[in-house]
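Me: I have a new structure open and could use a quick tour. Can we start with the ligand?

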Amino acid sequence: MSKQSSRPDGRKHDELRPIEAKVGVVEKANGSAMFKIGNTIAIAAVYGPKEVHPKHMEDPEKAIVKCYYDMYSFSVPERKRPGPDRRSTEISMVIKKSLLPAIFVKEYPKSAIEIYVSIMQADAGTRCAAISAAAMALADAGIAMKDMVSAVACGFVNGQAVVDLSKEDEDVEDTTDIPIAYMPRKKSISLMQLDGKINKEQFKEAITLGIAGCEKIYEVQKKALKDKYASDHIELASE
Ligand code: ADP
């Protein structure tokens with residue numbers, strides 16, 4: 001089968017959109033990150049570990065993790081009504097579930113870790129961009145982690161397995177969209193959703209592309225974290 005692209009934006013089937021990533025973008029947060037993939041931009045801010053309010057919600061064994069995903073009104077072509085809705089509530093839960101296996105929650109009994117992710121601009125793949133940004137923000141906050149979490153959607157567009165679906169990809173008829181989150185060192189998937197139809201062989205083909213995409217994203221996340229500490233080191237050295 002030809003691997004020439006039939007995608008609306010002419011990308012190769014295994015090609016991610018251009019990525020930019022940066023940590024330490026929200027000064028007052030304990031940790032923060034920006035993750036941009038194509039025209040999708042996510043900003044994550046982490047607060048904690050901190051006291052739990054109300055106190056009766058605290059867990060003597062481990063940290064409780066709260067996650068809030070929000071899409072700005074003007075992040076999409078048609079103004080979105082501000083505030084939480086069913087979709088954002090579901091995505092908040094999905095992001096939290098994808099990050100939990102990577103956090104050493106037992107290191108922080110009776111504490112809360114709060115993760116806020118805002119989508120400034122949406123062009124599909126916002127839950128995956130949110131996860132990639134949030135994992136970097138957790139690491140930036142110094143939260144003990146078992147692994148990074150890297151996320152991207154894979155699937156089928158025009159009968160071809162592809163990675164990192166844009167809105168144009170998603171709008172092609174009969175597209176299958178499979179967002180995945182992946183822990184690169186454990187080689188373990190912490191999120192998988194499926195929208196569309198797919199058979200077993202196609203599924204394997206798409207997931208292989210998705211994992212390869214997550215591994216590329218992992219390299220970008222690591223570089224962004226290292227870059228921050230490299231520049232901190234220069235500042236300290238010049239003091
Ligand atoms: P994801 O962003 O994780 O792919 P969805 O599949 O729910 O999640 O959304 C796909 C895309 O559809 C979004 O990234 C965004 O570009 C667009 N979209 C989602 N909600 C809205 C909305 N209320 N108005 C306009 N576009 C939206």
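This is a predicted model: local features need pLDDT of at least 70, side-chain atom pairs count only at pLDDT 80 or more; totals for chains, interfaces and linings use all residues.

Me: How far is the ligand oxygen from an N or O atom in the side chain of Thr 126?

Reply: That distance is 2.5 Å, from an oxygen atom of the ligand to the Thr 126 side chain. Arg 127 also takes part: a polar atom of its side chain is 2.8 Å from a ligand oxygen.

Me: How much of the ligand does the protein bury?

Reply: The protein buries 74% of the 530 Å² that the ligand exposes when taken alone.

Me: Which residues are around the ligand?

Reply: Among them are Met 71, Val 76, Lys 80 and Arg 87. The list also includes Ala 122, Asp 123, Ala 124, Lys 167 and Glu 170.

Me: Let's take Ala 124. Where does it lie?

Reply: Ala 124 is in the loop between strand 5 and helix 2. Its phi is positive, about 70°, although it is not a glycine. Most residues other than glycine have a negative phi.

Me: Is Ala 124 buried or exposed?

Reply: Buried. Its relative accessibility is 9%, and the cut-off for buried is under 20%.

Me: What about Asp 164, what is its phi?

Reply: Asp 164 has a positive phi of about 60°, and it is not a glycine either. Asp 164 sits in the loop between strand 7 (160-163) and helix 3 (167-171). It is buried, with a relative accessible area of 3%.

Me: New topic: helix 1. How many residues does it have?

Reply: Helix 1 has 14 residues, 86-99. From first C-alpha to last, it reaches 20 Å, close to the 20 Å expected.

Me: Which residues of helix 1 are buried?

Reply: Ser 88, Ile 91, Ser 92, Val 94, Ile 95, Ser 98 and Leu 99. Seen down the axis of helix 1, the buried residues fall within an arc of 170°, so they line one face. The face turned away from that buried side carries the exposed Arg 86 and Lys 97.

Me: And what covers the buried residues of helix 1?

Reply: The cover includes strand 4 (64-71), strand 5 (111-121) and helix 2 (126-140). Strand 8 (176-183) and strand 9 (188-192) are also part of it.

How values were computed
Residues are numbered from 1 along each chain as its sequence is written. Side-chain values use heavy atoms; hydrogens and water are left out. Helices (H or I, at least four residues) and strands (E, at least two) are DSSP runs, numbered from the N terminus. The expected span of a helix is 1.5 Å times one less than its number of residues. Buried means under 20% relative accessible area, exposed over 50%, partly exposed in between (1.4 Å probe, protein chains only). The arc is that of the directions from the helix axis to the C-beta atoms. Contact means heavy atoms within 4.5 Å. A residue is near a molecule or strand if one of its heavy atoms lies within 4 Å of it. A polar contact is a pair of N or O atoms within 3.5 Å; within protein, one must be able to donate a hydrogen and the other to accept it, and residues adjacent in sequence count only if both atoms are side-chain atoms. Accessible areas come from the Shrake-Rupley method with a 1.4 Å probe; for residues, only the protein chains shown count as cover.
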